[in-house]
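Reader: Please take a close look at a single part of this model. Keep it brisk, and spell out the cut-offs.

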Amino acid sequence: MPKAIIIVISLCLTGLVQAQEQRQPREVWNEVFTKRQGREVPHNKFLAETIRGRKPGRALDIGMGEGRNALFLATQGWEVTGFDISDVGVQLAREAAQKRGLKLETLVDDVDRFAYGRQRWDLVAGMYMHAMITRNAAKIIDSLKPGGIIVVEGFHRDLNRQGLQGGYIGYRSNELLRAFDRLRILYYEDTVGPADWERGGQAPVVRFIAVREQTASDSR
């Protein structure tokens with residue numbers, strides 16, 4: 001085969017792969033949440049334990065999916081904003097909120113482009129979002145109000161599994177501690193136990209809570 005034809009074919013294949021990669025996240029998660037329609041998906045237990053007894057305020061659910069955690073927070077009196085790249089997931093969350101008479105602000109947005117704001121949230125939840133949380137740590141920290149907390153649960157990299165979008169998922173050892181070292185760490189657990197996405201099975205799991213403390217600059 002002539003070199004020129006090989007080069008053209010290679011360029012075409014590269015273009016197709018890149019196009020698929022650009023479409024992949026939304027398409028993949030739309031498929032996931034389409035298949036989960038009609039299923040009862042419980043809220044995260046660690047999140048529920050964390051907010052127990054805490055005064056409700058403004059909460060952000062990063063990667064809300066079909067809204068299982070955002071809806072739960074709304075039932076507990078929180079003013080909740082949730083976003084996800086999947087428009088199918090977000091629509092399911094909207095419909096569930098309307099059906100249950102809950103106030104919920106929902107957005108279709110990308111974790112790397114979302115406008116987190118500054119000193120905006122009393123609570124930020126990031127469940128099974130992994131690298132999408134740590135690479136946006138600086139934005140998340142700045143978005144917390146003084147006294148605001150971030151609550152994270154996810155797999156440890158020991159899971160040794162590739163995600164739906166390719167690449168190995170999970171937090172590396174102490175990754176969250178390093179990413180959020182500007183905050184006061186309230187809780188950190190690296191264990192093996194039940195995980196939301198394991199359907200009752202055991203998996204290496206990381207759980208994390210940190211708070212933004214009041215500083216002199218916050219009162220200016």
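Author: Buried means under 20% relative accessible area, exposed means over 50%, and partly exposed lies in between, with a 1.4 Å probe and protein chains only. This is a predicted model: local features need pLDDT of at least 70, side-chain atom pairs count only at pLDDT 80 or more, and totals for chains, interfaces and linings use all residues. Residues are numbered from 1 along each chain as its sequence is written, and side-chain values use heavy atoms, with hydrogens and water left out.

The part to look at is the loop between β3 (105–108) and β4, where Asp-110 is found. Strands are DSSP runs (E, at least two residues) and helices are runs of H or I (at least four), both numbered from the N terminus.

Start with Asp-110. Its relative accessible area is 17%, so Asp-110 is buried. Its side chain reaches the backbone nitrogen of Asp-112 at 2.8 Å. That is a polar contact: a pair of N or O atoms within 3.5 Å, where within protein one must be able to donate a hydrogen and the other to accept it, and residues adjacent in sequence count only if both atoms are side-chain atoms. Leaving aside neighbours within four places in sequence, Asp-110 is in contact (heavy atoms within 4.5 Å) with Phe-83 and Ile-85.

Asp-110 also forms a salt bridge with Arg-113. The closest N and O atoms are 3.8 Å apart. The rule asks for a side-chain nitrogen of Lys or Arg within 4 Å of a carboxyl oxygen of Asp or Glu.

Now Asp-112. Its side chain meets that of Arg-135 in a salt bridge, 2.8 Å from N to O. This pair links distant parts of the chain, 23 residues apart. Asp-112 sits in the loop between β3 and β4, and Arg-135 in the loop between α5 (131–134) and α6 (137–143). Asp-112 counts as partly exposed, at 31% relative accessibility.

These bridges belong to a wider set. By this rule the count comes to 10 salt bridges. Among them is Arg-58 with Glu-79, at 4.0 Å from N to O. Arg-58 lies in strand β1 (residues 58–62) and Glu-79 in strand β2 (residues 79–84), so this pair ties together parts that are 21 residues apart in sequence. Arg-58 is partly exposed at 25%. Glu-79 is partly exposed too, at 45%.
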